[in-house]
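Please look over the model below before reading my points. They cover the ligand site, the voids and a few backbone details.

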Amino acid sequence: MYEAQRLSLVEKIHQKGITNKEVLKALNRVERHLFVPKALEHHAYTDVALPIGSGQTISQPYTVAYMTQALDLKVGDKVLEIGTGSGYQAAVLNSMGMKVYSIERQFDIYLKTQKLFDEMQLRIVVRFGDGTIGWEEYSPFEGIIVTAGSPKIPIALKKQLAVGGKMVIPVGDRNSQVLITITKIDEETFEEKEAPQFTFVPLIGREGWSQ
Ligand code: SAM
């Protein structure tokens, strides 16, 4: 379903500067309409964020593509996502062959998305909890992707990133953020690159916003 609309969205994202072929192929494979509420299905292939209930959103497809490209992962890499939400971003990473671990702090969203992953037979490991403290048990991760806006970079996430790995995280105030891509050079040294003007829902937790 929606093959033509999906292809046209992928072409638009390519024109907006996403060049990684594996990312573009994954966006063409993963059916975004399965991750949005039924009533909004017909908007699934418009390049916009959409509400998924409980005050949360599924990110804009361009943002998903940008963040996935920024992680620069290879097949088999372990990646930690903070903010499972609809599950779409995790499904894109999973379809590219990464081992995905994802944390969601809203219980209703966590339950719904875990059920969806089971129905779709996606092997994505999901946990309910505060992602700002990471998931030490499975660390280190070659990639960490934070899909909610944070006032700062959580220290636990920097620790749980593998040397040579990348983290992509929106940092700023509650209304607008810059997207920071951090590369871990060694245990003490991190390199940062910034891209302006992204807007995410707030990251709420011990090392995020208090509410
Ligand atoms: N990656 C999602 C997708 O593909 O649909 C987009 C998620 S939405 C923009 C951000 C999500 O982060 C929300 O579901 C929100 O409940 C969750 N969130 C906010 N703070 C969090 C935290 N500290 N730990 C885990 N999840 C958090």
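My notes follow as numbered points.

1. Basis. This is a predicted model, in which local features need pLDDT of at least 70, side-chain atom pairs count only at pLDDT 80 or more, and totals for chains, interfaces and linings use all residues. Residues are numbered from 1 along each chain as its sequence is written, and side-chain values use heavy atoms, with hydrogens and water left out.

2. Ligand shell. The ligand is surrounded by 28 residues (near means that a heavy atom of the residue lies within 4 Å of the molecule). Glu-81, Ser-86, Glu-104, Gly-131 and Ile-204 are the closest. By class, the shell holds 14 polar, 10 nonpolar and four charged residues. Here Ala, Val, Leu, Ile, Met, Phe, Trp, Tyr, Cys and Pro count as nonpolar, Asp, Glu, Lys and Arg as charged, and the others, Gly among them, as polar.

3. Polar contacts (pairs of N or O atoms within 3.5 Å). The side chain of Glu-81 places an N or O atom 2.8 Å from a ligand nitrogen. For the side chain of Thr-147, the distance from an N or O atom to a ligand nitrogen is 3.2 Å. Arg-105 uses its backbone: an N or O atom there lies 3.3 Å from a nitrogen of the ligand.

4. Burial. Taken alone, the ligand exposes 610 Å², and the protein buries 99% of that. Areas come from the Shrake-Rupley method with a 1.4 Å probe.

5. Elements around the ligand. Strand E2 (56-58), strand E3 (78-82), helix H4 (88-95) and strand E4 (99-104) each give two or more residues to the shell. E2 gives the most, with three residues. Helices (H or I, at least four residues) and strands (E, at least two) are DSSP runs, numbered from the N terminus.

6. Which space does the ligand take? It is the largest cavity (a molecule sits in a cavity if more than half of its atoms lie within 2 Å of the grid points). On a 1 Å grid over the protein atoms alone, a cavity is a set of points where a 1.4 Å probe fits but cannot get out, and lining residues have an atom within 4 Å of a point. The structure holds one cavity of 30 Å³ or more. About 350 Å³ of space lies in the largest cavity, a volume being the space filled by probe spheres set on the points.

7. Cavity lining. The largest cavity is lined by 32 residues, with Gly-83, Thr-84, Gly-85, Glu-104 and Thr-147 nearest its centre. E2, helix H3 (61-71), E3, H4 and E4 each give two or more residues to this lining. Its classes are 13 nonpolar, 15 polar and four charged.

8. The largest pocket has a volume of about 360 Å³; a pocket is an open set with protein on both sides within 12 Å along at least five of seven lines. Of its 19 lining residues, Leu-34, Phe-35, Val-36, Lys-112 and Leu-116 are the closest to the centre. Strand E1 (50-53) and helix H5 (107-119) give two or more residues each. H5 gives the most, with seven. The lining has seven nonpolar, six polar and six charged residues.

9. Backbone. Ser-139 and Pro-140 are joined by a cis peptide bond, with omega about 5°. Pro-140 is in the loop between strand E5 (125-128) and strand E6 (141-146). Tyr-2, not a glycine, has a positive phi of about 60° and is found in the segment before helix H1 (3-15). Asp-72, not a glycine, has a positive phi of about 50° and is placed in the loop between H3 and E3.

Terms used: A polar contact is a pair of N or O atoms within 3.5 Å; within protein, one must be able to donate a hydrogen and the other to accept it, and residues adjacent in sequence count only if both atoms are side-chain atoms.
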